[in-house]
Amino acid sequence: GNRSASLSKTHQLRFTRSWLDAIDIYEQYTKNKELLNRSIIFPIFSGLFVLVKFGKIEQDKERTFELQLITKFIREAKAFDDPVHYTRALAMECEYFCKVGKYKKALTSFDELAKQYVPEEHSDAIAQAYGSDRTSQAFAHRALCLMELGRESECIAACEHVINVLLPVLDHSNVLGISSLLFPVVRILKWRGEAKRMKILFQEHVLDNIEDGEKSPVHPLSKPMMFLLSSCGGTMSTKEKEEAVQWILQGDEVSDKNGKQKGPIVPDSIESLCTQLCWSVNSMLSELCLRLSMDVWNVDEKHTLIRRGLAYAAKADQKMKNEDGEVIYSIPYSVHEPVMGGLRKLAELHGLEYDDDISIGNSSGKSRYEAPIFGDVVLSSEHSGTENVSTQILKISDPNSEERSRRRYTTNFVHFSKNISDVSLVSQDDYENDAEQARVKSRLRLSKSLPSSIFSERDKLSLSSINDGP
């Protein structure tokens, strides 16, 4: 119950801090001495990068911590001169640049990776070192970058390379690794008329490889994705549609400003991972609500689906923007924005009020812990519950800078709030220009295709009202 969840969160904080301490110790030691095998630290670099994606580590606006990891990993892996580790480091850089809108830089990183990576030779060794073949996932990130740059034929070819060349040779027992590789491909081709094919592909390569009764991180995204692909691909039967409607309306318990409601809840870690990859699960749910609302006759169900869709859209929106309301993840936002716009127009048409601040998910007491990265570690506590948490103070010397970087622990996050002096990979101006250009292109593409693909003819009033697209 709550006790188990609390212990789990405490454990996550402890191993996150342990990994940070491991990097600290490693850097202090290697200042004056040589290690026989420097690769012992490489899984820590990779693991912390994964924790960022799962939303367990939150950074400053400049993404200082992430940049620091990538810079150090590439430097160390290149010196170690092993394609297993160097291509993993390059894959991290490629994924980072793709995520923040530096698509041309991401392709440059990929080109360097592709010169060395041979899946038949390196895939198993990479999976053994890092839990899955994370280098192969750079091929999917390349497809996303080509899509955002408007290089359509190259983007489709890159997707087909993942499907026809990589998938047949990779280990399918690692379901999370395969789903992370295939997820961007589904995101791309679903919006290009291949929803039916993508449903079959995801079922065959991901869901069919999950053992009965196995708990998998893929489960929270599989149901909304498969329902949505059925709806988009024209394969949703009446029975499946009714099942989807009832799942949305009578799923797990959630809450909003009006009190308790029902509906599926997306774990925050999975939402963070999928959003940073390319596609928010809450955004999938909002589109599913939109589609289902256009295809049901019952007015109460229709209105509830619209409201629920807006709630999921609001939840997705929060993950894609910073505290100032600026879009920080352009790729998922490019498909989220038109769906959210369609839901708002539909709500207005039906005279429904909506609140952008509506939330899905239960709020609970949080503990917040504050501490620096490489410096004096001060663990303070702020508790909204009744338990008392004692203050602990540890001392760790700073190997990199006389200034001390501060980090703040929360129940689910580690916040980094000060620059690290040895990081200089990108300029903010470059990122904004690249991302904004791609966002405009995506918006133009989607606004042309959205009305015919999303809105059912059954609700003709709604269709005519939104005919110009969001």
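Colleague: Which residues do ring pairs link into a cluster here?

Modeller: Phe42, Phe45, Phe73, Phe80 and Tyr130 are the ones that ring pairs join up. A word on the ground rules: this is a predicted model, local features need pLDDT of at least 70, side-chain atom pairs count only at pLDDT 80 or more, and totals for chains, interfaces and linings use all residues. Residues are numbered from 1 along each chain as its sequence is written, and side-chain values use heavy atoms, with hydrogens and water left out.

Colleague: How many aromatic pairs does the count come to?

Modeller: Rings of Phe, Tyr and Trp (its six-membered ring) pair if their centres lie within 6.5 Å; planes under 30 degrees apart are stacked, over 60 edge-to-face, and the rest tilted. By that rule there are nine aromatic pairs. Take Phe42 and Phe80: their ring centres sit 5.7 Å apart with planes at 85°, so this pair is edge-to-face. It joins distant parts of the chain, with Phe42 in helix H2 (residues 42-53) and Phe80 in helix H3 (residues 64-80), 38 residues apart. Helices (H or I, at least four residues) and strands (E, at least two) are DSSP runs numbered from the N terminus.

Colleague: What lies over the face of Trp191?

Modeller: A charge sits over a ring if NZ of Lys or CZ of Arg is within 6 Å of the ring centre and within 35 degrees of the ring normal. Here Lys190 lies over the face of Trp191, at 3.6 Å from the ring centre.

Colleague: How many residues does the largest nonpolar core have?

Modeller: Think of a nonpolar core as a set of buried Ala, Val, Leu, Ile, Met, Phe, Trp, Tyr and Cys residues joined through side-chain atoms within 4.5 Å. The largest one has 119 residues, and those with the most contacts inside it are Leu48, Phe183, Phe202, Met225, Ile248 and Trp279. Helix H4 (residues 83-100) gives the most to this core, eleven residues. A contact is simply heavy atoms within 4.5 Å. Leaving out residues up to four places away in sequence, Leu48 touches Thr16, Trp19, Leu20, Ile23, Ile57, Phe65 and Leu69. Over the protein chain, 54% of the 470 residues count as buried.

Colleague: Which residues of H5 are buried?

Modeller: An α-helix has 3.6 residues a turn, so residues three or four places apart point the same way. In H5 the buried residues are Tyr103, Ala106, Leu107, Ser109, Phe110 and Leu113. They cover an arc of only 160° around the axis, which puts them on the same side of H5; the arc is that of the directions from the helix axis to the C-beta atoms. On the other side, Lys104 and Thr108 are exposed.

Colleague: How many residues of H7 are buried?

Modeller: Helix H7 (residues 138-148) is mostly covered, with ten of its eleven residues buried. Among them are Phe139, His141, Cys145 and Glu148. Cys145 is 8.0 Å from Cys155, C-alpha to C-alpha, and ten residues away in sequence. Cys155 belongs to helix H8 (residues 152-166) and is buried at 0% relative accessibility.

Colleague: Which residue just after H7 takes a positive phi?

Modeller: Most residues other than glycine have a negative phi. Just after H7, Gly150 has a positive phi of about 80°. Arg63 is not a glycine, yet its phi is positive, about 55°. Arg63 sits in the loop between H2 and H3 and is buried at 11% relative accessibility. Asp81, also not a glycine, has a positive phi of about 60°. Asp81 is in the loop between H3 and H4, and at 66% relative accessibility it counts as exposed.

Technical notes:
Buried < 20%, exposed > 50% of the residue type's maximum accessible area, 1.4 Å probe, protein only.
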